[in-house]
Amino acid sequence: MSTTRSYSPGDGGPEPGAAAEGASVVSDGASGTAYSAPGVPEGARSSGDAPAEQHPVGRLSRRLSLNGASGIVPLARDFTRQALYDWGWLPAATADRRAAAEDVLLVVSELVTNACLHAEGPESLWVACDSKVLRIEVTDRGAGHPAPRTPHRAGRPGGHGMFIVQRLCLDWGVVRNPGVAGKTVWAELSAPA
């Protein structure tokens, strides 16, 4: 279901510090410690002196600055894949768990690609999970509003990104902060059982 709600039902709203500008922080929200992801450029790693983001108990999170990075889509996928390994989603013991992880990686790819193609490039990727839901947020500088192409034509190239997001996710939406350029596109998927 496509929505323009800022946050899904039951979500407590934005995470404090989620919109920090210019941050090149990669952190593990559960422990507040800096995290160095393989393949993440040195400029995108935390220096260790960044304040820990505050998150609800039991929620794990990671943030990656994409501002000025090259190879953004593979970088975002690799970053997310490492988080899934660290959080126990991978290696997957069953086909259903493997499919859940692949869905997360596909949604990350689609949201980051959309920001590259239609929104002046992504600024950051934030991934968080608890025992029930994994949330992805991509912040960009664009003024447009993502929407699935209607009507969806499966045989035509291009235009499938938000349709894929809509089909794979529990919910998704767009958050705009008044007086600030850009937006955050978020999506939530079920955590594997």
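Predicted model: local features only at pLDDT ≥ 70, side-chain atom pairs only at ≥ 80, totals over all residues.
Residues are numbered from 1 along each chain as its sequence is written, and side-chain values use heavy atoms, with hydrogens and water left out. Helices (H or I, at least four residues) and strands (E, at least two) are DSSP runs, numbered from the N terminus.

**The sheet**

- Five strands form an open sheet in the order β3-β4-β5-β7-β6, with antiparallel pairing; two strands pair if DSSP finds at least two bridges between them.
- β3 and β6 are the edge strands, each pairing on one side only.
- On average, neighbouring strands of this sheet are turned by 15° against each other, direction ignored. Axes here are lines fitted to C-alpha atoms, for helices over the stretch in contact, and angles run from 0 to 180 degrees between N-to-C directions.
- Seven antiparallel bridges join β4 and β5, and W126 has E137 in β5 as its bridge partner.
- S124 sits in strand β4 and is buried, with a relative accessible area of 10%. Buried means under 20% relative accessible area, exposed over 50%, and partly exposed in between (1.4 Å probe, protein chains only).
- Not counting residues up to four places away in sequence, S124 touches R63, L64, S65, L66, E137, V138 and T139; contact means heavy atoms within 4.5 Å.

- I72, L75, A76, F79, T80, A83 and L84 are the buried residues of α1; their cover includes β3, α2, β4 and β5.
- Just after α1, G88 has a positive phi of about 90°.
- L90 lies in the loop between α1 and α2 and is buried at a relative accessible area of 14%.
- Leaving out residues up to four places away in sequence, L90 touches R81, L84, Y85 and A101.

**The nonpolar core**

- A nonpolar core is a set of buried Ala, Val, Leu, Ile, Met, Phe, Trp, Tyr and Cys residues joined through side-chain atoms within 4.5 Å. The largest one has 36 residues, of which W89, L111, L125, L134 and I136 touch the most other members.
- Two or more residues each come from α1, α2 (95-118), β4 (122-129), β5 (133-140), α3 (161-168), β6 (171-175) and β7 (183-190).
- α2 gives the largest share of this core, nine residues.
- Beyond its neighbours within four places in sequence, L134 is in contact with L84, W87, W89, V104, V127, A128, C129, A187, E188 and L189.

**Salt bridges**

- The structure holds six salt bridges, each defined as a side-chain nitrogen of Lys or Arg within 4 Å of a carboxyl oxygen of Asp or Glu.
- R62 and D86 meet in one of them, at 3.1 Å from N to O. R62 lies in strand β3 (residues 60-65) and D86 in helix α1 (residues 72-86), so this pair ties together parts that are 24 residues apart in sequence.
- R62 is buried at 3% relative accessibility, whereas D86 is partly exposed at 39%.
- R81 and D78 form another salt bridge, their closest N and O atoms being 2.9 Å apart. These two residues are three places apart in helix α1, or about one helical turn.
- R81 is partly exposed at 27% relative accessibility, and D78 is partly exposed at 36%.
- R135 forms a salt bridge with E137, with 2.7 Å between the closest N and O atoms. R135 is buried at 1% relative accessibility, and E137 is buried at 7%.
- A network of salt bridges links R135, E137 and E188.
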